Amino acid sequence: LITPGQLLRPFTDFNVAYPPLVHVVGGLAIFLTGVHPMALILSSNVVFVPLLAFGCFGVGRIAYGPRAGLLAALLALGSPMFVSMMHEYDLDPPQAAMVAVSVWAVLASTRFERVWIAALAGALGGLAMLVKETSVVFLAGFLAVASFAQVRDATAV
């Protein structure tokens, strides 16, 4: 897929059903380890499982404290559906991970007041869209509520 001199080709010529981020991560694993199905599965797990744990922990910690964050991360990583999906090269766990870290970044931006973290939230939301287009379904409602809460607080003053 990547020929000499065309490093951005996966982002311009990718013409299958899904965006390229998970496929690029898998392609890098194949480049480093050789062609093997476990290289794809392990690369997805190594990149996206820590992101899911961090995102769930961060959201729970911001909402209700560190114990809730730990419980949220353990619940996300220990759910039977997630565990069974991590044995395959699937797009749903990476999508869940990117949505979780995007939601964490929006919450950590304290209603978009911390500009750098709000920009990080936008970048993470964009990466979530590069995993699967349906990420917008999960992020749109949360962003609408977060934006409405900011406008409502500003008009109440």
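Biologist: How much accessible surface does the protein have, and what share of it belongs to carbon and sulfur atoms?

Modeller: This is a predicted model, to start with. The accessible surface comes to about 9,700 Å², and 73% of that belongs to carbon and sulfur atoms.

Biologist: OK, and what percentage of the residues count as buried?

Modeller: Of the 157 residues, 34% count as buried.

Biologist: What does the secondary structure come to?

Modeller: Eight helices and zero strands. Reading from the N terminus, the elements go α-α-α-α-α-α-α-α.

Biologist: What about contacts with a separation of 6 or more: how many of those are between residues 24 or more positions apart?

Modeller: 61% of them.

Biologist: Let's get into packing. At what angle do α6 and α7 pack?

Modeller: About 165 degrees, with the axes 8 Å apart. Here α6 is residues 92-108 and α7 is residues 115-131. That angle makes α6 roughly antiparallel to α7, since the cut-off for that label is anything over 145 degrees.

Biologist: Which residues make that contact?

Modeller: On the α6 side you have P94, Q95, M98, V99, V101, S102, W104, A105, V106 and A108. Facing them from α7 are I117, L120, A121, L124, G125, L127, A128 and V131.

Biologist: How does that split by class?

Modeller: The contact of α6 with α7 has 15 nonpolar residues, three polar ones and no charged ones.

Biologist: And is the crossing left-handed or right-handed?

Modeller: Left-handed, as α6 passes α7.

Biologist: What is S102 in contact with, leaving aside its neighbours within four places in sequence?

Modeller: A121, L124, G125, A128 and L139. Among them, A121, L124, G125 and A128 are also on the α7 side of the α6 contact.

Biologist: Now α2 and α3. What angle and axis distance do they have?

Modeller: They pack at about 120 degrees, with axes 8 Å apart. That makes α2 oblique to α3. As for handedness, α2 passes α3 in a right-handed crossing.

Biologist: Which residues of α2 and α3 meet?

Modeller: V22, V25, G26, A29, I30 and T33 in α2 meet A39, L40, S43, V47 and F48 in α3. By class, that contact has eight nonpolar, three polar and no charged residues.

Biologist: Last one, G27. Where is G27 found?

Modeller: G27 is found in helix α2, which runs over residues 21-33. With a relative accessibility of 35%, G27 counts as partly exposed.

Biologist: And how far are the C-alpha atoms of G27 and L40 from each other?

Modeller: They are separated by 7.6 Å, with the two residues 13 apart along the chain.

Note on methods:
Residues numbered from 1 in each chain as written. Predicted model: local features only at pLDDT ≥ 70, side-chain atom pairs only at ≥ 80, totals over all residues. Heavy atoms only, no water. Axes fitted to C-alpha atoms, helices over the stretch in contact; angles between N-to-C directions. Helix = DSSP H or I, 4+ residues; strand = E, 2+ residues; numbered from the N terminus. Parallel < 35°, antiparallel > 145°, perpendicular 65-115°, else oblique. Left-handed = near helix turned anticlockwise from the far one by under 90°. Contact = heavy atoms within 4.5 Å. Nonpolar A, V, L, I, M, F, W, Y, C, P; charged D, E, K, R; others polar. Buried < 20%, exposed > 50% of the residue type's maximum accessible area, 1.4 Å probe, protein only. Areas by Shrake-Rupley, 256 points an atom, 1.4 Å probe, with all protein chains shown as cover.
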